Amino acid sequence: PGNSGGPLVNLQGEVVGINTAIASRTGGYMGIGFAIPVNTARNIANTLVKDGHVERGWLGAQIQDLTEDMAKTFGVAADSGVVIGGVMPDSPAEKAGLQAEDIVVRLQDQPMTSAGQLRTAVAAFAPGTSVDLRVIRDGKAVSLRVTLGLLDEKMLTRFGRGAQPETEPEPEETTVADSGLSVQDLTAELAEQLQIRDDSGAVVVDVERGGVAQRAGIRVGDLIVAISGEPVAKAADVPRLLTADALNQGVRIRLKRSGVTLVVVLKQS
């Protein structure tokens, strides 16, 4: 009992974690406890004693779980890997040849089934370590060798914490039938307003409430950069690729939001 630190032990009296937090409806001790795995805590403690600080490996890719609908668009089994949403410029991932919409299936000899697992596994390696990645790209297996960098606050600030747009743009719109979204060409003014570094793509300027796009998590201000792996350079590319037949089967969309690349699936229910 107790969730304010200290060891979490099993029935054999072995320490298996360090108690950290609790989810409680009452604010009392009744609830679900959370603990840091003891192996993670041990590695951190040993590193602190040895070096005085903790350094974590950095891949430089934005990753997300492979959902069932997304897996169908790739033609792979669900929960069979981790999707690369985007690759950061001049990062270890880019230097190794990792690409957006690759599916990471193994790191070293360990199968990868979730983004959290891959993130934790990469961070456990020391910067400068070379690791083997096995990915699925366009239905084919590809092996890559990645030399991990150093994860620090500069990297998080540079690549992952852009500002959300405060106001919705009001340009001329291209409405995409059956998708529940409207898009517009990316202009210099719009890029500055939404803090977008890209120079091409289709900006989402309206999302129908309760529509397919909203259910998939698409928001006003998102920049659509690819549909089913095909690059989107302008708004006119979106209705060409988001056909009724494609929406019925499920369409994979790669978009950028506040410096983060995401992959979502649009599908008519």
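## Close-up views of a predicted protein model

**Figure 1. Overall composition of the model.** The protein carries 26 positive and 33 negative side chains, and the centres of these two sets are 8 Å apart; Lys and Arg count as positive, Asp and Glu as negative, while His and the chain ends are not counted. Each charge is placed at NZ of Lys, CZ of Arg, CG of Asp or CD of Glu. The model is predicted: local features need pLDDT of at least 70 and side-chain atom pairs count only at pLDDT 80 or more, whereas totals for chains, interfaces and linings use all residues. Residues are numbered from 1 along each chain as its sequence is written, and side-chain values use heavy atoms, with hydrogens and water left out. Nine helices and 18 strands make up the secondary structure; helices (H or I, at least four residues) and strands (E, at least two) are DSSP runs numbered from the N terminus. Along the principal axes, the C-alpha atoms fill a box of roughly 65 × 50 × 35 Å. The accessible surface is about 15100 Å², with 49% of this area belonging to carbon and sulfur atoms; areas come from the Shrake-Rupley method with a 1.4 Å probe, and for residues only the protein chains shown count as cover. Of the 269 residues, 37% are buried (buried, under 20% relative accessible area; exposed, over 50%; partly exposed, in between; 1.4 Å probe, protein chains only). Among contacts (heavy atoms within 4.5 Å) with a separation of 6 or more, 49% are accounted for by residues 24 or more positions apart.

Figure 2. Most residues other than glycine have a negative phi. Glu-101, however, has a phi near 75°, and Ser-228 has a phi near 50°. Glu-101 belongs to the loop between helix H3 (92-96) and strand S7 (103-107). The loop that holds Ser-228 runs between strand S15 (223-227) and strand S16 (230-231). Glu-101 is buried at a relative accessible area of 8%, whereas Ser-228 is partly exposed at 45%.

**Figure 3. A charge over the ring of Phe-74.** The charged end of Arg-252 sits over the ring of Phe-74, at 3.8 Å from the ring centre. This arrangement requires NZ of Lys or CZ of Arg within 6 Å of the ring centre and within 35 degrees of the ring normal. The structure holds zero aromatic pairs; such a pair would need rings of Phe, Tyr or Trp (its six-membered ring) with centres within 6.5 Å, planes under 30 degrees apart counting as stacked, over 60 as edge-to-face and the rest as tilted.

**Figure 4. The loop position of Thr-67.** Thr-67 is located in the loop between strand S5 (61-65) and helix H2 (68-74). Its relative accessibility of 39% places Thr-67 in the partly exposed class. From Thr-67 to Phe-34, 33 residues apart in sequence, the C-alpha to C-alpha distance is 25 Å.

**Figure 5. Glu-94 in helix H3.** Glu-94 is part of helix H3 and is partly exposed, with a relative accessible area of 41%. Leaving out residues up to four places away in sequence, Glu-94 touches Val-87, Met-88 and Pro-89. Asp-132 lies 38 residues from Glu-94 along the chain, and their C-alpha atoms are separated by 14 Å.

Figure 6. Ser-130 is found in strand S9 (residues 130-137), and Val-146 lies in strand S10 (residues 140-147). Ser-130 is partly exposed at 28% relative accessibility, whereas Val-146 is buried at 0%. Beyond four places in sequence, the residues touched by Ser-130 are Gln-108, Arg-145, Val-146 and Thr-147. With the same exclusion of sequence neighbours, Val-146 is in contact with residues including Leu-59, Pro-92, Ala-93, Ala-96 and Ser-130. The C-alpha atoms of Ser-130 and Leu-148, 18 residues apart in sequence, are 6.2 Å apart.

**Figure 7. The surroundings of Thr-261.** Thr-261 lies in strand S18 (residues 260-266) and is buried at 8% relative accessibility. Apart from residues up to four places away in sequence, Thr-261 touches Gln-62, Gln-64, Gly-85, Gly-86, Arg-254, Leu-255 and Lys-256.
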